[in-house]
Amino acid sequence: MRKLLVAGVGVAVIVGALALTSFRPSTAQQQAKKPDADSVVAPRLTVADSGQLKGPKQPIFFRHDIHSGQYKIQCQYCHYSVADAAEPGIPTLQTCMGCHLAIGGSDSTHRVEIKKVRDAWRQKRPVEWVRIHTLAKHAHFPHMRHLKAMGPNACATCHGDVARMPQVFKVNNVNNMGFCISCHVERKVNRDCTACHY
Amino acid sequence: MTATTHDPSRPAMTHAEVTRDIVNTLRTPSRGYYMALFAAIGMFLIGAATFVALLKEGLGLAGYNPPVFWSVYITTFVFWVGIGHAGTLISAILFLFRSPWRTAVYRSTEAMTVFAVMTAGLFPIIHIGRQWIFYWLLPYPNQRWLWPNFKSPLIWDVFAISTYLTVSTTFLVVGLVPDIAAVRDKMTGWRKKLYGALSIGWTGADSQWRHYSRGYLYLAALATPLVLSVHSVVSWDFAMSVIPGWHGTIFAPYFVAGAIYSGIGMVLTLVIPLRRVLKIEHMITEYHFDNLAKLTLLTGTILFYAYGMEYFVAWYSGNTFEQETFWRRAFGPQWWSGWTMIICNAFVSQLLWFRKIRRNLTSLFVISIFINIGMWFERYVIITSSLSNDFLPFAWGQMNPTWADWGILVGSFGWFGMYFLLFARTFPVVAIQEIKEMIPMPRRKGGAH
Amino acid sequence: MAKTVSGVLASFKYEDSAVDAIKGLKAKGFKDLTVYSAAPNHHIDEALDQPVSWVRAFTLIGAMTGCAAGFGMSIWMAADWPLLVGGKPIVAIPPFVVLGFELTILYGALSTVAGILILSAMKSLKGRAYKPEFSDDTIGLFVPCSPEQRGAVRTFLEGTGPEEVTEHGA
Amino acid sequence: MSAPNESLDRRRFLKVVGITGAGTAALSGCSTDQVEKLIPYLVQSQDQVPSLPTIYASTCTECAAGCGLHVKTREARAIKLEGNPDHPVNAGTLCSRGQAALQGLYNPDRVAGPRGRNAAGKLTEILWNEAIDQLAAAVKAAGNRVAVISGAGAGTFDDLLSQWVAAVGGKLVRYQAFGHEPVRLASRKVFGADELPIHDFSQAKYILSFGADFLETWLAPVENQRGFANAHGFDGSGMAKFVYVGPRMSLTGINADQWVAPNPGSEASLALGLANAVLNTRTDVPADAAVLKPMLAEYGLDRVAADTGLAPVQIRQLFDEFASVGPSLVMAGGVGLQHRGAADLCAAVNILNYVAGNVGRSVKFGGGVTTGDGYGALLDLERSMAAGEIDVLIVHEANPLYSVPKQGGFRSAFEKVKLTVSTSLFFDDTAAASDLLMPNLHSLERWDDARPRAGVRGLLQPVMEPVFKGAATGDVLLQVAKKVGGALAGFSAPTYEAHLKSVWADLGRARGATDLEAFWRGALAKGGIFEPAPAAPPVRLAATAGEVSGAKPALDGDGEFIFSPYPSSMYHDGRGANRPWLLENPDPVTKITWQSWVELHPETARELDVREGEFVRLTSPAGSVEAAVYVYPGIRRDVVAMPLGLGHLENGRFAKGRGVNALDAIGAADGQGFLPYLSTRVKLEKTGHYRKVAKTEGNPRELGRGITEAMPLAAAVKGLTVKQAYEAAGHPSHEINTELEVEAIEGFRESQLEKRKLGAYALTEPQWGMAIDLGRCTGCSACVTACYAENNIPYVGEEEVLRGRELSWMRIERYFEGGDDGRPISARVIPMLCQHCDNAPCEPVCPVYAAYHTPDGLNGQVYNRCVGTRYCANNCPYKVRYFNWYAYAKKAFPEPLNLQLNPDVTVRARGIMEKCTFCVQRIRGAQHQARLEDRGLRDGDVITACAQACPSGAITFGDMTNPDHRVVKAAKNHRGYHVLEEVNVRPAVTYLAKVVPGSEA
C-alpha cells in the first residue's frame, strides 16, 4: 500500500513541476572557425573513400576542402547570387569549366572526378547534386540579408567549416526553427513570424 | 426509531441487504445488457471509420459551408460537456447541501460525467483542420520557442476541460474505494484479487474514515465552483467573439443552466432503464425521480427565461445585426432547428409542474428524450444559425450536414455508451457506503440517537 | 505475511454495544484502538473523539500552488515571446484569471487526494486483525495489547455484547 | 530559337529551368526529409538570378486591344503577367483575361505537338517536318484554292500572312468573333472612315452608352476603364454622369448613374432624338450638320416615346441633360446590343457625337483601328467552302466552329474542305474537327509584334522555353513557302524571327536610328515603340450620313421573350472557357461561377413561377438551349439574357461540356456584315429539374448596413463626410457611437496602445494601409485574378463553390439598391479583402498565435503554425478568411499549371486558414532590396497585386505613418469611411464613398 501512496504523491508533484518548469531547447550552434590559411592541406582521398566520409555521396566527388580550403576560392565565386539574392546560386557547369578546361587535376583521384565534369559539359547534361541544407518550403531565408548583416564570411555560421570538409555534411539542422531563433534572440534582431513565414 | 421508516430517502433495508443487492448487480448480466453493449460498440466503430475518413480526405467531407466554420462537431462537443454537469452537480453540490436524495443516484451520474467529458474531450481534436498536431494547443517546451496564446478562449477550454476531467475522475475514484472494498470482501477468486488491488488496502478503519470523510468534503467543495466554471468557459468560446447571436453577456449562466438541464435529462434517460436492468428499483425510487424532475423543471424554466431574454435584448438593443440574427433564428432558412430547441426545452420542461408526470417513469423517460434532442439543437442553433448570417450579407451561407457529421455524432454516443455500460457492469452504480450511512445501525437498547 | 499485532478483535452487530465497548476501553486507558465500520458513523467518532483531519492543509497548499502556477505560466509565456493580438496588452491579466482558477482547482483536488492517501497511510494497519463482514454490516473493534492483557480485555469485551471475540498474535 | 523544334521535350524544358531551392513552391508541409536534387543551369544565364524576378516586356493577345505586358519570370518560368506602365493602351494595368493568358501558356490541355489524321481518321502524333510536308504538298496541289481564317490582329505576322495568301492567290478572312463590325460600318457610312474610332473619356462630362459594354468586351476595355474612372470618378470638384441604354444592365450598365431600357431595337430612334434635341437647342453645332435637320426632325419627343416605350418625362430629362452638358461621349456597338439595326444605331450615335461636337475631341478618328474583314466575309468564305472551291483551309487564332451559330451550315462547309489545318494552341472545337494540327507557340513563347493602332507597335518576345512542342505559325508559313517554292519562292527569310527583325530594322531606319541593334534592344526593353498617332485630317459628314434609319429591326420567331446573348467579361468569345481563374472568378454582375445561366426579371419569374436554379428551355426557330434561371432585377421584363462563351464541345478539361452555348438559339444569318446576336424571340418552358446556382453571393441586399456608402455630388463637392452627407440629406443621423462612447473608446484605446508598446511593437515600423475609392471601382474583378495569380490561390471548382468554399482572398461584393421600393434598380460594388484591423477579432482567439499582429501593422497569418480551429474565420466580421477544407492546391495545379506558382508564396496545405496578406512577400522583397541599398522604403516600392492590376487605379497602398505616401492622403479624404466601423476593429483599409450625380444618394 505504501508504494501506491508514494506513486500517488509522485504524480501530483510531477504535474505541478511540469507546468512550472520549462527548459530552453539547447540550440548550440557552431561558430565560424576561421580556417588559418597555411594549415589547410586537403587530404588525398579517392571517390571510394567518400562512402566513409560524413554527408551524402555526390554524383561528382567535389572537394570543398580543396577548392575553398586549399585554394581559398571565395564562396561567392561559385555561389554567385548569395550576396544579392535569397538563393545562393548553384554554380553552373560553365563556371566549373571556366577553370577545368585548363585544370585537369594534379593526381589520378582528381582527374577521375574532373573528367566527369567535362563529360557532363560535353553532353550538356547538368549535374544533379544531392541537396544537403533544405529549408521547409514555408520558411523563406534571404541569404543576402544575412551576408549584408554578418559579412562575407558568415557562411560558416550555419553551414559549418565547409573549407575543411572533403564531402559536405549537415553541421546544423538549419530546418529547426529553434536554430534560427536562438541566433536572432542572441543578436536582438527581428523575431517577427512573417519575416520568414509567408 | 426502527430501520423501517417513512423517510423516502432511506431504503427500507438492512446494511447486509444493501451490500447483497448492489454486489449482485456485478454478477453475470442479462442478454439485454450485451445487446446494448454491442450496439454501443457498433456505433463507436461508425464514428471511428468516419474519423479515419476525415484524417485521410479532410474536413471538407463534413457539411461546412462558410461562413459556417463550426457546426455539428462543436455542437456535439458542447452537448457532451453539458451532459457532464448534472453529475458533478448531484454528487458535489447536493453533497454540500446535504440533500438526502442524491445518495442513490449520484454514483451513476458521476460516472456519466466522467464519460461524457471523455467524449467531449475528443471533439476539439476531431474538429480541427490538422488533427495530427492538436498537441500544439498544450504549453509544452519545444525547440521553436513557441507557447500557446492564453488570451484565446480555446486555450481556456483546453484547461477547463482537462481540469474538469481530472477532478471528476478523481472524485469518482475516491468515492469508489470503500465500495470496492465492500465488493472485495464479497467476491472470491480472481475477482477478489482484482478488487483487492483496486481497493488499495481499504479496511474501513477509523483512521481511514477520518481523513477520507474530510478529504471527500473538500473535493466536493473544489468541484462545486469548477462545475460552474467549466460551462462558463465553454460559453465564452462564443461570448468572447463579436458574432451577433454569440456576443452575449448572459451566456455563462445561460449555458450552465442549459448544461445541468441537459445533464439531468441524460441521467433520466440512463437511470430509468438501468435500475430495471440491475434490479435496484427499490433503491432508486419514484422519490428520487421526482426530485430529479423538479431540478429539471427549475433549470428548464431558467432556460425559458434565457431564451426570452436573448430575444428581448436583441430587440431592445436596437442592434440591427442582432435583430436580423434572431429574426432568422425563428423564421430564417433554419427555422425548424430554432423551434425544435424552444419546444423541446422551454415548453416540454413545463409539463413537469404536474406531480403525476414527475412520478410516472414512462412520461419522464419520453420527456428526457425530448430534452436530449432539444439541448443538442440548442447548441446547433446557437452555433450554426448565428454563423450563417453575420455582418456582411454578401458572405452569408447555409450549411447542410453530411454523413461525416452524423457519423461522428453517432460515434460519440457509441463511445459514451460503451464506457458507461462497462462501468455499470464492473463497479457499484449505487454508493454502498453512503446508503449505509443513511440507514442507522440496529441498536440493542433501541431508541433514537 | 507481516507479523501479526498482538491484541483482541471483537465484532458487533449493534452500534450502541460497540460504542459502549470503545468508551469502556478508553476509560481503561487503552490507546490506539482500531474500529472498522462499513460507513462513517458519528456515534463511533464521538466515542473515539479524535482531532480534525489535516487534509485541509494539503488542499490549501495545493490550491495556492496551482493559482501561482496558473498565473505564473500564462504571464511568463506571454512575455517570453511578445506577440500582439487584437490590440490587447501583451500581458493581459483578465484572460489569465481563467488559467489561474483552473489550476487552483486542479492542484487543490490532486493534493487533497494525496493528503487522504498520505495521512491515512501514516497509521499502519499491518498485522491488525480484520474480517470481511466489517465492510458489510458489522462493526469491528481491534484492541492492541500485550499477550498478558488479552485475557482481561477479552472478558471486558464479552461483557459489552459482541457477536464474537477473538485473540490474535503470538 | 530555331523553328519547328523536335529536340525540345518537356523533360528537358524542366531541366533548363533548373530549380534552385525556392524554384518550385511545394505544398507547405513540414516534411523536408525526402532527398531533393539541386539542378543548376548548364550555362550562366545573363538575366536570370535565382530567386530574383526578371521582367520581360511583351504584348497581350487575348483581345484586339493589344495591351502591353510585363511578364514576371522566376528561374526562367513566367509566373505572372502585369501591365506595361509605358504602354499607351493599358498604362501598367491589366484585365482578368489578360492575366489569365498565363493559364493559356501552362494550360494542361494544350496541343502538345503536331497531329495528323491516320488511316482510321484518328488524330495521332506526327513530326513537324511530316506536318509541314503534308501542308506544303496540299498547298502546292490546291493552287489558289487555299483559304485562311485568321484572328491575328494587325502586325507583322498579319502582313506576312496576307502576302503569303496573296502569293498563292488564296482567300484570307480576318475574323474575330467580336469584330465590332457595326461600329466600323457606321464610321464608313457617316464619315467615310473605314475604321474604329478611339474614345477619349478624359474630357467627357456626360457619358452615354447604347449597349456598348466598354468595361468588358468593347474595343479596349482596360483603356476604356482607365478613362472612365478618370472621368466618372470624383476628383474633388466634379464628375461625369454616365447613362447606360440597353435591355439589360451589364457590368458597364451597373456602373451607370442611370439605366434606360427602351424597347430593344429602338435605341437608334432615341439617339437621333437626342441629336435632334441638340440641333434644336445648341448653337455651337458644326455647320455641315444642318443637312441632317430634315432627317432628324422626324425624331421628336412623341416619335421617340412611341418607338422606345419610355415615359416622355424621362426622354425629356435625357434631352435636356444631354443638350445642356458638354463635352460628352456617346458610344454604341456592343455585342450585347448587336441586333439587325446595330449599324444604324452606331450611325445614329456617330451623328449624335458629331452634332454634339464630340468628334475630334472625345471621339477620335485616324487611329487606323480595324478588326478584320468581319462576319460577312466569313460567310462568303463559307459559301465557297460549301461549293467545294476550297481545298486547304488554315484556321489561325480563331474558333469558328464554336463562334458561328450551329444553325448555319459552317460545320458542313468546313467538312467539305479537303485539308483543314488548325494552328490553335488548344484542342478547341475547330481543332478537334481539323485534319492537321500545327499548334502555334503561345504568345509568351514566340517572337511577334502587334499594331493595335497608329503609333503603337508592341513587341512580343519569347520569355521562356516553349512548354510544348509548338512551332510559331510564322515559321511554319516560311517553311511551307520554301517547300512549295513557285509563287511562294519570294519568302526567303530563314525564320520568322529574322523576318521580324528585318521589319524592325526598317522601322529603325525610318526613325533615323544609327545603331539598329540598340534600337531593337531598346524597343524590346520598352515593349515596343509608342508614338503619338500621326495627325489625321478632321472627319466630316459623308454624303451617306443622312441615310440613317431609326426603324425597328426585325426579330426571328414569335416567342414571348426577346433573347439577348451577351458577352461574358470573363470568357469573352469563349477563349476564356478553359482557364480556371476565369471560371472561378465570379461574373461581376451575377456572381455566378463555373456555370451558364438564364437571366429573368423578378416579375417575369414570378409570373412563370420559376425560382433561381430552376432549369428552363429557351426555344427559337434556330434551336433551343437549357440553363438554370438567375433572377436578375437589372433586365427588361420582356427580355431573357444569357452569357456567351461556355458550352464547348471540346477545348479542354475545364471547358468541355461545361454550361451551354447561347449561340445555339440564334440564327447564323448575316445582318449586313455582322452577326446579329439579339435577333430572336424565344419561347420559355420549364424543364422541371433544378440545380443550385454556383454563385458566391449570400444575400444581394445590404439591409441598410452602410457597407457601400455613397454620397450625392452636391455633398461631395461641399467636402462633407459620409455622416454629414446623411444628415444633410435629412436622413436619420447615421450615428455609430455617442460622443461619450467615442471618448471612452478612444481613452481605452490609448491605454491599450501604451500597454502593447512592448519589444517590437513600439510602433517604430511602418504601418501598412490601403485606400479603395469606390467612386472609381467598377467591379471588373481584375484585382481578384491578380490576387489568385500572385498568391498561388487554388481554384476549388463548381462543387466546392456550391458549398461556399472558394478561396478568393479578394472578392468583389455586389449589392443591389432599389428596384423593389420604387427607386430605380442600381448596384454598388465593393472589393472586400482582409482589413488588417488594429483590433483584429481574429487574432486573440487563435490558440497558437497563427493569427497575430505584425510589428508593421499587418494581420499576419502563419500557415505552418495554423492547426485549423477556424475560430478566427468565425470571428472575422468581414468574413475574409478562407479555409483549406481539402488539399485544394494538390489538384488545382495539374502539370504544367504548377509552373505558374509564385515561389515567394507558400502553397497552403490542407486544414489551414489562409487570407489576404497585403502581399507581404512583396513587402519583404522591397525591404530586402532597400536594405541592400542602405535606404528606407519609398512610396511605390511596395504595390500589392490588386492595386497594380486595377485598371481604374482605385486602390492605393502604402505606409500610413509616412505622410508623403499617397495612401495617407487618400485615407484622409473626406469621403473616407470604414466598413462596419461600429464594431471598432480599426481596419487598415479605408474606403472612399462612391459619389452619385444629383442630390440623392
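How many residues of chain D are in contact with chain B, and how many of chain B with chain D? The count is 57 residues of chain D and 56 residues of chain B, where contact means heavy atoms within 4.5 Å. The model is a predicted one, so local features are given only at pLDDT of at least 70 and side-chain atom pairs only at pLDDT 80 or more, while totals for chains, interfaces and linings use all residues. Residues are numbered from 1 along each chain as its sequence is written, chains are lettered from A and ligands numbered from 1 in the order of writing, and side-chain values use heavy atoms, with hydrogens and water left out.

Back to chains D and B. The size of an interface is often given as the accessible area lost when the parts come together. Here chain D and chain B bury about 4500 Å² between them; this buried area is the accessible area (1.4 Å probe) that two parts lose on being put together, summed over both. Carbon and sulfur atoms hold 58% of it. One salt bridge turns up between chain D and chain B, the term standing for a side-chain nitrogen of Lys or Arg within 4 Å of a carboxyl oxygen of Asp or Glu. The partners are Asp390(B) and Lys879(D), with the closest N and O atoms 2.7 Å apart.

Helices (H or I, at least four residues) and strands (E, at least two) are DSSP runs, numbered from the N terminus. The largest share, five residues, is from β29(D). By type, this side of chain D splits into 29 nonpolar, ten polar and 18 charged residues. Ala, Val, Leu, Ile, Met, Phe, Trp, Tyr, Cys and Pro count as nonpolar, Asp, Glu, Lys and Arg as charged, and the others, Gly among them, as polar.

Chain D also meets chain A, with 41 residues from chain A and 43 residues from chain D taking part. Together these two chains bury about 3900 Å², 63% of it on carbon and sulfur atoms. Two salt bridges are found across the interface, one of them between Lys148(A) and Asp934(D) at 2.9 Å, N to O. Twelve residue pairs are in polar contact, both at pLDDT 80 or more. On the chain A side, α4 (93-100), β1 (129-130) and α6 (143-150) each supply at least two residues, and α6(A) gives the most, with four residues. That side of chain A is made up of 20 nonpolar, eleven polar and ten charged residues.

Chain A itself has eight helices and one strand, in the order α-α-α-α-α-β-α-α-α along the sequence. Of its 198 residues, 40% are buried, with buried meaning under 20% relative accessible area, exposed over 50%, and partly exposed in between (1.4 Å probe, protein chains only). Among contacts in chain A with a separation of 6 or more, 67% join residues 24 or more positions apart.

A few local spots in chain D deserve a look. Gln900(D) lies in the loop between α29 (888-892) and β34 (913-915), and counts as buried because its relative accessibility is 2%. Its side chain makes a polar contact of 3.5 Å with that of Gln103(D). Leaving aside neighbours within four places in sequence, Gln900(D) is in contact with residues including Arg77(D), Tyr106(D), Trp581(D) and Phe893(D).

Then there is the backbone. Most residues other than glycine have a negative phi, and most peptide bonds are trans. Leu703(D), not a glycine, has a positive phi of about 55°; Leu703(D) sits in the loop between β26 (680-690) and β27 (710-712) and is partly exposed, at 37% relative accessibility. Phe918(D) also has a positive phi of about 55°, in the loop between β34 and α30 (920-932), but is buried at 1% relative accessibility. A cis peptide bond runs from Gly326(D) to Pro327(D), with omega near -5°, and Pro327(D) falls in the loop between α12 (312-324) and β13 (328-332) of chain D. In chain B, Pro66(B) and Pro67(B) are joined by a cis peptide bond with omega of about 10°.

Conventions. Polar contact = N/O pair within 3.5 Å; in protein donor to acceptor, adjacent residues only side chain to side chain.
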